[in-house]
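The points are grouped by topic below the structure.

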Amino acid sequence: MKQLAARSLTDESKRAVACVAVQAVEQVWTTIHGTDKLNKALETAEALLKKKGIDFDADEMEVLIEAAVAEFNEAFKKSQESTTDAVRRAEAVAE
């Protein structure tokens, strides 16, 4: 039972680190794209996980980072849609 709880905590930590790595790369390295951005996120995640003493597999981290990117993009898309809707409502009221 204790091992299962520890594994669950480790898996959640890996997901959290992947999200943080994606956010950091999006914020700091704005001039890189595609594979370079993925590699930078992998480097960042690796450094954070090593610092915490968490073992990881590079393929697993790539999957977690891609999932975090998908979440980031979905949130960004929803934000843009909300802004567009707000502008349309404001224009309709102004007319």
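The largest pocket holds about 190 Å³ of space. Residues from α1, α2 and α3 line this pocket, with two or more coming from each of these elements. The model is predicted, and the chain has an average pLDDT of 81.

**Pocket**
- The lining of the largest pocket consists of Val22, Val25, Glu26, Gly34, Lys37, Leu38, Ala41, Ile65, Glu66, Val69, Phe72 and Asn73.
- With five residues, α3 contributes the most to that lining.

**Nonpolar core**
- The largest nonpolar core is made up of 15 residues.
- Inside this core, the residues with the most contacts are Ala18, Leu42, Ala45, Leu49, Met61 and Ile65.
- At least two residues of the core come from each of α1 (2-28), α2 (34-52) and α3 (58-94).
- Leaving out residues up to four places away in sequence, Ile65 touches Ala18, Val22, Leu38, Ala41, Leu42 and Ala45.

**Thr44**
- Thr44 sits in helix α2.
- Thr44 counts as buried because its relative accessible area is 18%, and the cut-off for buried is under 20%.
- A distance of 2.8 Å separates the side chain of Thr44 from the backbone oxygen of Lys40.
- Beyond residues up to four places away in sequence, Thr44 touches Ala21, Val25 and Trp29.

**Leu64**
- Leu64 belongs to helix α3.
- Leu64 is buried too, with a relative accessible area of 17%.
- Lys14, Arg15 and Ala18 are in contact with Leu64, when its neighbours within four places in sequence are set aside.
- Leu64 and Asp11 are 53 residues apart along the chain, and their C-alpha atoms are separated by 10.0 Å.

**Confidence**
- A pLDDT of at least 70 is reached by 72% of the residues.
- Mean confidence in the chain is highest in α2, at 93, and lowest in α3, at 75.

Note on methods. Residues are numbered from 1 along each chain as its sequence is written. This is a predicted model: local features need pLDDT of at least 70, side-chain atom pairs count only at pLDDT 80 or more; totals for chains, interfaces and linings use all residues. Side-chain values use heavy atoms; hydrogens and water are left out. A nonpolar core is a set of buried Ala, Val, Leu, Ile, Met, Phe, Trp, Tyr and Cys residues joined through side-chain atoms within 4.5 Å. Buried means under 20% relative accessible area, exposed over 50%, partly exposed in between (1.4 Å probe, protein chains only). Helices (H or I, at least four residues) and strands (E, at least two) are DSSP runs, numbered from the N terminus. Contact means heavy atoms within 4.5 Å. pLDDT is the predictor's confidence in each residue, from 0 to 100. A polar contact is a pair of N or O atoms within 3.5 Å; within protein, one must be able to donate a hydrogen and the other to accept it, and residues adjacent in sequence count only if both atoms are side-chain atoms. On a 1 Å grid over the protein atoms alone, a cavity is a set of points where a 1.4 Å probe fits but cannot get out, and a pocket is an open set with protein on both sides within 12 Å along at least five of seven lines; lining residues have an atom within 4 Å of a point. Grid points are joined across faces, edges and corners, and a volume is the space filled by probe spheres set on the points.
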